[in-house]
Structure formats: C-alpha cells, structure tokens
Amino acid sequence: MRIRKTNKNKLYKQLFDEFSAYGLSIALRFVGCKEDAWEVLNDSFLKLFSSMEEDMEKQQIKAFLRRIVINTAIDYYRKSNRRPDHLDLDENIQDGWTSDVEQKLSAEEILKALHQLSQVQRFVFTLHEIEGYNHDEISEKLGINVSTCRSHLRRAKNSLQQILKFHERQLG
C-alpha cells in the first residue's frame, strides 16, 4: 500500500478501521479502563498519521502502530504516575506463577486479572512478559530503578498467581 498525498482522510479512516482493534488490544494491556485505552489509541493514531512515510506497507504500518501505542501508553503512565519510584524489595515473593488455569481462562478473564494489578505492576508485567523488554529498558522507560522494576514484576506475578488460583477454584 502506497500512501499518496491525495485522499489522505480516506486513507486515514481506512487505516483506523483496519488497525483500531489491534491498537486497542495493546492499549488495554497497559491502561486501567477502556476510556483511557481509547485516549491512548487516539493519541497513537495522531502520532502515526503525522509521522507515517509515503511508501509504508501495511505490515510496516501495523508494526509502527504497535510501537507507537506502547510508547504512548508509557507516556500516559508517566503523566498519571503519582507513586514514589522506590519500594522495598520483598524477597519472600514467589517467582513461579504459571499454572494450568491460564488455559482454562478466556482472554477477557486474563485481561480482567491483569487490570486488578496496580498500574505500575501492570506496566512492568506487560512490558517484560508480553512485549519482551528487559529490566534495564523498562526502568529507563518508566523512570524507576532496576531493582524496583524487578520488585514490581515479582509482585505482579505473585498477585496474578493469587487471582488465577481464585479463578481456578471458581471454575472447579
């Protein structure tokens, strides 16, 4: 798909229609509610449209949008972050959190469990476990210490483990 200067509005609408669900699913992993996710998504599309190159293919646009949504969500976190950036490490938190229950849960139930985490835990968990960032990258992006990042990840895993165990008991 080549982007031409003519009919930009039509093209932008087409791209929004085609990629908005994809972008929203990424934004929902990070922010706490749909309204905030839509805000992140809209800001992301504005950034995409203002910086898109004329000869980009659809796959390139999709990958570019993914990166923009993640960075916009991080910016959103930074703006709304009211927490101190240092928390004491709790060495007693268990690091192993996986179980068979994830396979029994729907994507919606897992997303709900993820949204029960604190905002910073949700961001750290999503960036590390889903998006593949390392602790140094996450700490730089979120403006927190590496040890704090590790602590948030352990706490997120522990909390998710407890939430998923509860759902497992509910499922029988």
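## Basis

The model is predicted, so local features need pLDDT of at least 70 and side-chain atom pairs count only at pLDDT 80 or more, while totals for chains, interfaces and linings use all residues. Residues are numbered from 1 along each chain as its sequence is written, and side-chain values use heavy atoms, with hydrogens and water left out.

## Aromatic pairs

The model holds five aromatic pairs. Rings of Phe, Tyr and Trp (its six-membered ring) pair if their centres lie within 6.5 Å; planes under 30 degrees apart count as stacked, over 60 as edge-to-face and the rest as tilted. Tyrosine 12 and phenylalanine 49 are stacked, because their ring centres are 4.1 Å apart and their planes meet at 15°. This pair links helix H1 (residues 8–30) to helix H2 (residues 34–51), across 37 residues. Helices here are DSSP runs (H or I, at least four residues), numbered from the N terminus. Tyrosine 12 is buried at 18% relative accessible area, and phenylalanine 49 is buried at 17%. Buried means under 20%, exposed over 50%, partly exposed in between (1.4 Å probe, protein chains only).

Phenylalanine 30 and phenylalanine 123 form a tilted pair, with centres 5.2 Å apart and planes at 50°. Phenylalanine 30 is in helix H1 and phenylalanine 123 in helix H6 (residues 119–130), 93 residues apart. Phenylalanine 30 is buried at 0%. Phenylalanine 123 is also buried, at 0%. Ring pairs join Tyr12, Phe16, Phe45 and Phe49 into a cluster.

## Charge over a ring

The charged end of lysine 62 sits over the ring of tyrosine 22, 4.7 Å from its centre. The rule asks for NZ of Lys or CZ of Arg within 6 Å of the ring centre and within 35 degrees of the ring normal.

## Cysteines

The whole structure has zero disulfides (pairs of cysteine sulfur atoms within 2.5 Å). Cysteine 33 is partly exposed at 28%. Cysteine 149 is buried at 0%.

## Salt bridges

There are seven salt bridges, each a side-chain nitrogen of Lys or Arg within 4 Å of a carboxyl oxygen of Asp or Glu. Lysine 13 bridges to aspartate 17, with the closest N and O atoms 2.8 Å apart. Both lie in helix H1, four residues apart, about one turn. Lysine 13 is exposed at 53%, whereas aspartate 17 is partly exposed at 49%.

Glutamate 18 bridges to lysine 58 at 3.0 Å. That pair links helix H1 to helix H3 (residues 58–80), 40 residues apart.

Methods: Helix = DSSP H or I, 4+ residues; strand = E, 2+ residues; numbered from the N terminus.
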